[in-house]
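Subject: Model for you to look at

Hi,

Here is the model I said I would pass on.

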Amino acid sequence: MKLTEIWNSRSEPTLSFELFPAKTEKAAANLEKTIDKLAALEPDLVSVTFGAGGSTREGSHQLLKKLKGDTELDVIAYFACYGLAPEDIVAVLDGYRDLGLETLLAVRGDIPREEGFVPHPESLRYASDLVSFIRPLYDFCMGVAGYPEGHIEAQSTEKDLYYLKLKVDQGAEYIITNYFYDNAFYFDYIDRCRNAGIEVPILPGIMPVYSVKMMEILAGLCGATITDELRQGIEALPDGDTNALLNFGIEFAYRQCAELLEVGVPGLHIYTMDRWKSSSGLVTRLRDDGLL
Ligand SMILES: Cc1cc2nc3c(=O)[nH]c(=O)nc-3n(C[C@H](O)[C@H](O)[C@H](O)COP(=O)(O)OP(=O)(O)OC[C@H]3O[C@@H](n4cnc5c(N)ncnc54)[C@H](O)[C@@H]3O)c2cc1C
């Protein structure tokens with residue numbers, strides 16, 4: 001079912017988990033286990049990322065195929081257009097349509113880190129170009145990315161919102177946000193989007209803290225603010241105690257999710273980083289407390 005159809009068919013918030021394709025055999029074995037554990041939580045959807053420049057083209061397709069074939073779950077296929085020729089975009093999306101996928105998240109993607117990558121001269125510049133390219137060709141329920149704290153390259157938060165609205169005007173039906181560690185960013189973003197006339201559902205992205213190093217690196221890359229509350233909470237943990245950090249990450253994300261659910265978000269979208277323990281702990285607590 002398309003994501004928008006799920007929302008239209010019921011009033012409860014959706015639960016979705018983001019996965020990325022494994023790059024090594026060890027990671028693939030770990031991903032298998034993660035899928036089993038996450039599927040047991042009966043989410044509404046799982047999503048699969050797509051490496052910009054087509055770097056995970058085959059891996060993303062195979063993972064989507066596996067999820068479609070082996071589980072009952074609905075799937076969101078991400079697609080990043082950075083550097084790709086129009087015919088490559090069509091080839092990937094034809095493949096997704098032929099797998100029976102119905103929901104897509106269209107993003108621009110970041111510049112691939114491999115040396116020597118040369119974008120195709122006809123590649124699309126922005127996600128709004130991708131949305132308008134896809135819309136007349138396919139019947140996917142299509143979403144786009146949004147950034148409560150502003151995209152890291154944005155000229156200004158106003159401009160960023162202007163381009164977000166452009167993506168919606170071109171045919172995006174929902175937005176998944178980048179993660180944030182302070183719900184105030186999300187609430188302010190919702191207000192600003194609604195004031196700008198962006199009416200589509202805005203699904204909050206939640207990233208539990210998995211490791212301090214990962215948190216610092218990713219937040220640096222995407223511009224998410226690591227709040228004082230988060231830093232102080234981590235500093236108070238015993239040094240090197242991974243279990244304490246896991247539990248702290250679950251507790252912190254639980255408090256964020258509880259508040260978001262209370263105000264009536266369309267769902268929770270968890271960035272799993274292909275890990276399952278935090279998602280499992282978080283969802284179990286939310287369900288035990290009747291919040292999800
Ligand atoms: C939920 C989510 C999922 C993601 N999944 C993936 C993934 O699977 N693969 C991947 O590679 N990356 C992924 N990303 C990261 C994303 O690709 C990067 O953040 C990327 O830098 C921007 O993508 P975008 O679609 O937001 O781009 P855009 O909407 O094109 O925006 C990019 C920047 O350009 C500006 N801009 C937009 N349009 C214009 C215009 N017409 N003129 C001037 N400036 C403009 C915007 O303000 C912004 O600063 C994801 C991000 C999120 C939040």
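This is a predicted model: local features need pLDDT of at least 70, side-chain atom pairs count only at pLDDT 80 or more; totals for chains, interfaces and linings use all residues.

"Buried" here means 20 or more other C-beta atoms within 10 Å of the residue's own, with exposed at 12 or fewer, partly exposed in between, and C-beta atoms placed from the backbone. As a rule, side chains in a regular strand alternate between the two faces of the sheet.

Before I go on, some housekeeping. Numbering starts from 1 along each chain as its sequence is written. Helices (H or I, at least four residues) and strands (E, at least two) are DSSP runs numbered from the N terminus.

Strand 8 covers residues 267–271. On one side, strand 1 (residues 14–19) pairs with strand 8 in the parallel sense over five bridges, and Leu15 sits opposite Leu268. Strand 7 also pairs with strand 8 in parallel, over two bridges, with Ile206 facing Ile270. Pairing takes at least two DSSP bridges between the strands.

**The barrel**

What do the eight strands form? They close into a barrel in the order 1-2-3-4-5-6-7-8, with parallel pairing. The twist averages 25° from one strand to the next (axes are lines fitted to C-alpha atoms, for helices over the stretch in contact, and angles run from 0 to 180 degrees between N-to-C directions).

**Strand 6**

Have a look at strand 6 (residues 174–179) too: six of its six residues are buried, so the strand is largely enclosed by the rest of the structure. Strand 5 (residues 141–146) runs parallel to strand 6 and is joined to it by four bridges; Val144 stands opposite Ile175. Strand 7 (residues 202–206) pairs with strand 6 in parallel over three bridges, and there Ile175 is opposite Ile202.

Two right-handed β-α-β units share this strand. One is made of strand 5, helix 6 (residues 157–169) and strand 6, the other of strand 6, helix 7 (residues 183–195) and strand 7. Right-handed means that, with the strands pointing away from the viewer, the path from the first strand over the helix to the second runs clockwise.

**Around the ligand**

Which residues come nearest to the ligand? Of the 25 around it, they are Thr49, Val107, Gly109, Ala127 and Ala145; a residue counts as near if its C-beta atom, placed from the backbone, lies within 6 Å. Strand 3 (74–80), strand 4 (103–107), helix 5 (127–134), helix 6 and strand 6 each give two or more residues to the shell. Helix 6 gives the most, with four.

**The whole chain**

The chain has 11 helices and eight strands. Its radius of gyration is 18 Å, close to the 19 Å that the globule rule gives for 292 residues, so the chain is as compact as a globular protein of that length. That radius is taken over C-alpha atoms, and the rule is 2.2 Å times the number of residues to the power 0.38. Of the 292 residues, 41% count as buried.

Cheers
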